[in-house]
Amino acid sequence: MNGQRVNAGGAGRTGGSSRQPLLRLENICVKFGFVEALKSVNLDIGRQEVVAIVGDNGAGKSTLIKVVAGFLQPGFGHIYLNGEEVVIPSIRAADRLGIASVFQGQEFCDNLNVAANLFLGKEINLGGVRDDESMNSRARSVMKTLSSAIRVGSPISSLSVGQRQTVAIARTLLNDPKLILLDEPTAALSVMQTAEVLSYIKRLRSEGRTVVMVCHDLPDVFAVSDRIVVIRQGRITGVHRTVETSYEEIIAEIAGVATEHEYEEITEDPKYSSMVRQRKRIDRTMSAALEESQAEDDGYWAGNE
């Protein structure tokens, strides 16, 4: 699919090709010196869908979402949001356009609580005085949207890595974005923490938001995504509806193989063989964890209405 626009029509919740995509990228190119990180990338992102971007290390996955987030500027290409061409010179500009992002290594102030970290740099003021009551109320509302049992008065330093990731995602919701970009949202998380974050991603979609996530863990990708975009060496090599593809097909595209013999060879490579070998076990574990995480959240909020 190199050099061709990938239409959002037919994706899980986009409602057909007649609907205008939320985001359209045309011929996006990014260079770092003499290195072409992205080469004429064309992609449509629909409304109310989860799109996973996968690929090997250095393929251009994070570079692509950083362009949409306003963190990087393309050397060439066009970005359309709701059918109108836009320029996104900064993360703040993206925020004003309704695009929120969560990158790896989110930083928090450990001496502040959850609510204060959510509003860090965006404090609500009333008559020149910080309005803690309004911020706490809004923080509780946002955290409840994610069905998280994290209390807004808890010190951020007391939270686990997974809970901090939840707060980072919650922070994106303050301006009610339509498009949320997540860079490796489940990296370094336990199975239960991963399940919790994946359940939040599903919740965001059910609220009508679009999520684009970079992820190297295929079980996580297959658990929540509507479509999977494969990037290899700066080009989109495939776009698949998740229900119509397989681990084997995605792994083959990531590795750049085209024949059954080549596929058999890469399965002997530890980097790829573990994906195939652990697939069924991880799927079963993730399914059970997602159900348990949802049950815990339902129970918490039922008792704290």
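# Buried charges and paired rings

Both Arg205 and Asp226 are buried, and the side chains of these two residues meet in a salt bridge, with 3.2 Å from N to O. Arg205 sits in helix α6 (residues 191–206) and Asp226 in the loop between α7 and β11, so this pair ties together parts that are 21 residues apart in sequence. Keep in mind that you're looking at a predicted model.

**The chain as a whole**

- The protein chain has 305 residues, and buried ones make up 49% of them.
- Count up the secondary structure and you get 11 helices and 12 strands.
- Take the contacts in the chain with a separation of 6 or more: 66% of them are between residues 24 or more positions apart.
- The accessible surface comes to about 14400 Å². Carbon and sulfur atoms account for 47% of that surface.

- How many salt bridges does a search of the whole structure find? The count is 9, and the pair of Arg205 and Asp226 from the opening is one example of a salt bridge here.
- Another one joins the side chains of Glu49 and Arg227, at 2.8 Å from N to O. This pair links distant parts of the chain: Glu49 is in the loop between β2 and β3, Arg227 is in strand β11 (residues 227–232), and the two are 178 residues apart.
- To find Glu49 on the model, look in the loop that runs between β2 (35–45) and β3 (50–54).
- Is Glu49 buried or exposed? Glu49 has a relative accessible area of 0%, so it counts as buried.
- Arg227 comes out at 3% relative accessibility, so Arg227 counts as buried too.
- The side chains of Glu49 and Arg227 also make a polar contact, again listed at 2.8 Å.

**Salt bridges: a partly exposed pair and a network**

- Arg164 forms a salt bridge with Asp110, and the closest N and O atoms are 2.7 Å apart. Arg164 belongs to helix α5 (residues 161–172), while Asp110 is in the loop between β6 and α3, so the pair ties together parts that are 54 residues apart in sequence.
- Arg164 counts as partly exposed because its relative accessibility is 22%, and buried would mean under 20%.
- Asp110 is also partly exposed, at 42% relative accessibility.
- Salt bridges can link up, too: Asp176, Glu207 and Arg209 are connected in a network of them.

**Aromatic pairs**

- How do you describe two rings that pair up? A pair of aromatic rings is described by the distance of the centres and the angle of the planes.
- How many aromatic pairs are there? The count comes to 2 aromatic pairs.
- Phe71 and Phe103 form a tilted pair, with 5.9 Å from centre to centre and 45° between the planes. The pair links distant parts of the chain, 32 residues apart: Phe71 is in the loop between α1 (61–69) and β4 (76–81), and Phe103 is in the loop between β6 (99–102) and α3 (114–118).
- Phe71 is partly exposed, with a relative accessible area of 47%, whereas Phe103 is buried at 14%.
- Phe222 and Tyr247 form a stacked pair, with 4.4 Å centre to centre and 15° between the planes. Here too, distant parts of the chain are linked: Phe222 is in helix α7 (residues 218–224) and Tyr247 in helix α8 (residues 247–255), 25 residues apart.
- Phe222 and Tyr247 are both buried.

**Helix α8**

- Why is α8 described as largely enclosed by the rest of the structure? Of its 9 residues, 7 are buried, so the rest of the structure largely encloses this helix.
- Which residues of α8 are buried? They are Tyr247, Ile250, Ile251, Ala252, Glu253, Ile254 and Ala255.

Technical notes. Residues numbered from 1 in each chain as written. Predicted model: local features only at pLDDT ≥ 70, side-chain atom pairs only at ≥ 80, totals over all residues. Heavy atoms only, no water. Phe/Tyr/Trp six-rings, centres within 6.5 Å; stacked < 30°, edge-to-face > 60°. Helix = DSSP H or I, 4+ residues; strand = E, 2+ residues; numbered from the N terminus. Buried < 20%, exposed > 50% of the residue type's maximum accessible area, 1.4 Å probe, protein only. Contact = heavy atoms within 4.5 Å. Areas by Shrake-Rupley, 256 points an atom, 1.4 Å probe, with all protein chains shown as cover. Polar contact = N/O pair within 3.5 Å; in protein donor to acceptor, adjacent residues only side chain to side chain. Salt bridge = Lys/Arg side-chain N within 4 Å of Asp/Glu carboxyl O.
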